[in-house]
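Colleague: I am new to reading protein models. Could you walk me through this one, feature by feature?

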Amino acid sequence: MSPALAVLAPGLLTTVQDLGRPGHQRLGVPVSGALDPVSLRAANALAGNAPDAGALEVAYVGPTLEVDADDVRLAFAGAGAAIEILPDAAAMSGRREEVMRSVRLQRGEVVRIGSLAGGAVLYIAVEGGFDLPPVLGSVSIYIRGGFGGFKGRALVAGDRLPLRRTSASDRDECRLDGLDLGLPARFRAVVGPQSDYFSEHEIAAFFDSDYRVAAGSDRMGMRLEGRRLVHARGFNIASDAIAPGSIQVAGSGQPIVLLADRQTTGGYPKIATVISADLAALGRVPIGARIAFERVSVETAHALRRAYVAEIEALGGRIVPLRPEGGEVAPRLLDHNLISGVVDARMIW
């Protein structure tokens, strides 16, 4: 049987994503791709893959996966998570691993990922990538369209994700140091493109307000709850192109920030657009969080974009090899029964 990761439990929403399929919006095909492309790139760098290789995007609660290959190398980047490696599917507990590192697993071992903390998404890259056919140049899934990814849908129990490699390469494991995945105090945005549909007072009020991320949010759009915005010229426009990070305001007066699975055109006025340098951080924001926006100029957005590109291009320089004889022993010792009657040194009694 071909090498695979077997899905024992799918998590809340686990999908295959890469950097998306740009260039087809004129045909009505959304770009899709990772909500947090920085964490996707980080996971791929740890796994030894190209930056745009497909990986698993985990939302809020992670999956349980069993290795059906000689061995595999997995890498984790993004939100904090309880990552546990079990010796087999029947085991109740195992060793713990951390985010921002790679790990090698043997046939029959199981990785179980619990609830995420500090962010909405986590990425799991596998060395060599998944053996999935690209659609229009990408393996990212577009769930509403039912194409891409694995069978055009989110993972379910019983799936077998085919792998390109039958075994992992023989190298040291590694971690990625110094990557800041924190959320900014305010997300930077340029005004428009339909700023003329709002008075200057309403635009100023939008940037002075904070909003709560509502439960109806998904990969298509982040629905915000807060101060109601009043349109100056109605809320219907001739449909025009949607850029990533566009903040449209429908008749309800509540903003919606359009994300990876956004539609290609829309007919509501857009009061502002989150700059590209802040889109990855925007994708990390969980439901229930509060966010606010800061007005910046287009020139500032360009400068911040250049700094962002330089940062992601430098990811490879942050990777550090892990060796068992080094300083990584202490965290592992905390997960073992060193004293009779003590199960886990991290537990609080």
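Modeller: Gladly! Keep in mind that this is a predicted model. Let us begin with the lining of the second largest pocket, which has 17 nonpolar, two polar and five charged residues.

Colleague: What is the volume of the second largest pocket, and which residues lie nearest its centre?

Modeller: Its volume is about 370 Å³. Of the 24 residues that line the second largest pocket, L13, L35, S217, D218 and R219 lie nearest the centre. At least two lining residues come from each of β3 (55–59), β8 (110–126) and α3.

Colleague: How does one find empty space in a model in general?

Modeller: Picture rolling a probe the size of a water molecule over the atoms; this shows where empty space is left. In this model, the largest pocket holds about 490 Å³ of space. It is lined by 24 residues, and L19, A34, P37, P244 and L279 are the closest to its centre. The elements giving two or more residues to this lining are α1, α3 (279–283) and α4 (298–313), with the largest share, four residues, coming from α3.

Colleague: How do the residues lining the largest pocket divide by class?

Modeller: There are 14 nonpolar, six polar and four charged residues in that lining.

Colleague: Let us turn to helix α1. Why is it described as largely enclosed by the rest of the structure?

Modeller: A residue counts as buried when its relative accessible area is under 20%. In helix α1 (residues 37–47), nine of the 11 residues are buried, so the helix is largely enclosed by the rest of the structure. Among the buried ones are P37, L40 and N44.

Colleague: Now the rings, please. How many aromatic pairs does the structure hold?

Modeller: It holds five. One of them joins F206 and Y211, with 5.9 Å centre to centre and 40° between the planes, and this pair is tilted. Both of these residues are buried. F206 also pairs with F293, this time stacked, at 5.1 Å centre to centre and 20° between the planes. F206 and F293 are both buried.

Colleague: Which residues form one aromatic cluster?

Modeller: F206, F207, Y211 and F293 do.

Colleague: And which residue lies over the face of Y197?

Modeller: That is R233, at 4.3 Å from the ring centre of Y197.

How values were computed
Residues are numbered from 1 along each chain as its sequence is written. This is a predicted model: local features need pLDDT of at least 70, side-chain atom pairs count only at pLDDT 80 or more; totals for chains, interfaces and linings use all residues. Side-chain values use heavy atoms; hydrogens and water are left out. Rings of Phe, Tyr and Trp (its six-membered ring) pair if their centres lie within 6.5 Å; planes under 30 degrees apart count as stacked, over 60 as edge-to-face and the rest as tilted. Buried means under 20% relative accessible area, exposed over 50%, partly exposed in between (1.4 Å probe, protein chains only). A charge sits over a ring if NZ of Lys or CZ of Arg is within 6 Å of the ring centre and within 35 degrees of the ring normal. On a 1 Å grid over the protein atoms alone, a cavity is a set of points where a 1.4 Å probe fits but cannot get out, and a pocket is an open set with protein on both sides within 12 Å along at least five of seven lines; lining residues have an atom within 4 Å of a point. Grid points are joined across faces, edges and corners, and a volume is the space filled by probe spheres set on the points. Ala, Val, Leu, Ile, Met, Phe, Trp, Tyr, Cys and Pro count as nonpolar, Asp, Glu, Lys and Arg as charged, and the others, Gly among them, as polar.
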